[in-house]
Amino acid sequence: MVQAMERIHDSQRLRQALGALRGGHSAGDGAGDGRIGRIAFVPTMGALHAGHLCLVDLALRHSNHVVASLFVNPAQFAPGEDFALYPRTVDEDCAKLAAAGVRLVFLPTADHLYGPDFSTSVNIGRLGQLYCGKKRPDHFAGVCLVMTKLLNLVQPDYVVLGEKDFQQFFIVQKMVRELNIPVTILQARTIRNLQGLALSSRNQYLSKEQMIIAPRLYQRLHELAHTLGEGKSFAGASRRIKQQLLDDGFTMVEYLSLIDQRSFHPLAHASQSARLLCAAYLGTVRLIDTIAVADACRTKTRRMGR
Ligand code: AMP
């Protein structure tokens, strides 16, 4: 049975609705299990796909009330990026969230979240300037700002974030720990299409031809992980893979890095906690992907789309 889901636009009504959710639960709300009275939060920018809905599923495994947000956060877009063009499909998104079991969806306006005199920032330091932050120096400060505001407003027991945006996941986890924000972060695995392309709201910018090339990003990361698993150095192996991505039809590789996923420090060779991160352009569309080297080495190289 699809439960009624309320759409909420302002923080005052959000507080009341959350109070009602926390205060009472009806039979069938997970009574008799550890999820009672727990709230899990799934923040998104909308244009929802199956990856977002898996976040909701994970949220429901830990809580009996799931709250989602749909907010295209202007603070994390630089001038000239796709803020105005970012796909906005609110009615379809709400139908998907209601069907997935979400109880409340918060859809604030930018004016509501950031008043005219808004001047506070959340400074997350050097990590915000590396990898995805190198070309987008204000991006992670914008992510941390909105995440802090949303976590303060919703005060959930859990927040669910995707592994796909691994740097974002790591930075939010660090911020939550360092600012003592009382929430537990759950990591959801990356959902991909049959060819291996990580689902993303921005994939709809890709042409038919680019959709055929795009899965190569994941396939090349797999190949690289296997090479690293054989003990080869990252410097040589990554040079070859970058060239192969360009040969595949990618326009530019913004970065391809090997890090330790516990510290985010760069690595010269694979270790048990090694992770590959990549951002590459197909035309004007920027794609990101990431895989844990040990996970990739456990699975056979997939020769998809060849
Ligand atoms: P976004 O709407 O792009 O801001 O993403 C909202 C959340 O969904 C983030 O925590 C993302 O990491 C997560 N997410 C995006 N794409 C995927 C995917 N393909 N699989 C799993 N989670 C995803």
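Author: In this predicted model, the axes of helix 5 (residues 139–154) and helix 6 (residues 166–178) come within 10 Å, crossing at roughly 55°.

Reader: What follows helix 5? Where is glutamine 155 placed?

Author: Glutamine 155 lies in the loop between helix 5 and strand 5 (158–162). Its phi is near 45°, a positive value in a residue other than glycine.

Reader: Is glutamine 155 buried or exposed?

Author: Glutamine 155 has 55% relative accessibility, so it counts as exposed. Phenylalanine 264 also has a positive phi, about 70°, although it is not a glycine. Phenylalanine 264 sits in the loop between strand 7 and strand 8 and is buried, with a relative accessible area of 3%.

Reader: Let us stay with that loop. What does glutamine 261 touch?

Author: Glutamine 261 is in the loop between strand 7 (252–260) and strand 8 (274–282). Not counting residues up to four places away in sequence, glutamine 261 touches Phe166, Phe170, Ser273, Arg275 and Ala292. Glutamine 261 and glutamine 167 are 94 residues apart in sequence, yet their C-alpha atoms are 9.3 Å apart in space.

Reader: How accessible is glutamine 261, and where does aspartate 260 fall?

Author: Glutamine 261 is partly exposed, at a relative accessible area of 24%. Aspartate 260 is in strand 7 and is buried, at 9%. Leaving aside neighbours within four places in sequence, aspartate 260 contacts His265, Leu267 and Ser273.

Reader: Now another helix pair. At what angle do helix 8 and helix 9 cross?

Author: The axes of helix 8 (residues 216–229) and helix 9 (residues 234–248) cross at roughly 160° and come within 10 Å. That angle is over 145°, so helix 8 is roughly antiparallel to helix 9. Their crossing is right-handed.

Reader: What is the make-up of the contact of helix 8 with helix 9?

Author: Its residues divide into 7 nonpolar, 3 polar and 5 charged. Among them are Arg216, Leu217, Arg220 and Glu223 of helix 8, and Arg240, Leu245 and Asp248 of helix 9.

Reader: Where is phenylalanine 250?

Author: Phenylalanine 250 is in the loop between helix 9 and strand 7, and at 3% relative accessibility it counts as buried. Its contacts beyond four places in sequence include Arg216, Leu217 and Leu245. Phenylalanine 250 and glycine 283 are 33 residues apart in sequence and 7.3 Å apart, C-alpha to C-alpha.

Reader: Finally, what pLDDT does the protein average?

Author: The average is 94, and 93% of the residues score at least 70. Over residues 301–306 the pLDDT is below 50; this stretch has 16 contacts in the model beyond near neighbours in sequence.

Key:
Residues are numbered from 1 along each chain as its sequence is written. This is a predicted model: local features need pLDDT of at least 70, side-chain atom pairs count only at pLDDT 80 or more; totals for chains, interfaces and linings use all residues. Side-chain values use heavy atoms; hydrogens and water are left out. Axes are lines fitted to C-alpha atoms, for helices over the stretch in contact, and angles run from 0 to 180 degrees between N-to-C directions. Helices (H or I, at least four residues) and strands (E, at least two) are DSSP runs, numbered from the N terminus. pLDDT is the predictor's confidence in each residue, from 0 to 100. Contact means heavy atoms within 4.5 Å. Buried means under 20% relative accessible area, exposed over 50%, partly exposed in between (1.4 Å probe, protein chains only). Angles under 35 degrees count as roughly parallel, over 145 as roughly antiparallel, 65 to 115 as roughly perpendicular and the rest as oblique. A crossing is left-handed if the near helix is turned anticlockwise from the far one by less than a right angle, and right-handed if clockwise. Ala, Val, Leu, Ile, Met, Phe, Trp, Tyr, Cys and Pro count as nonpolar, Asp, Glu, Lys and Arg as charged, and the others, Gly among them, as polar.
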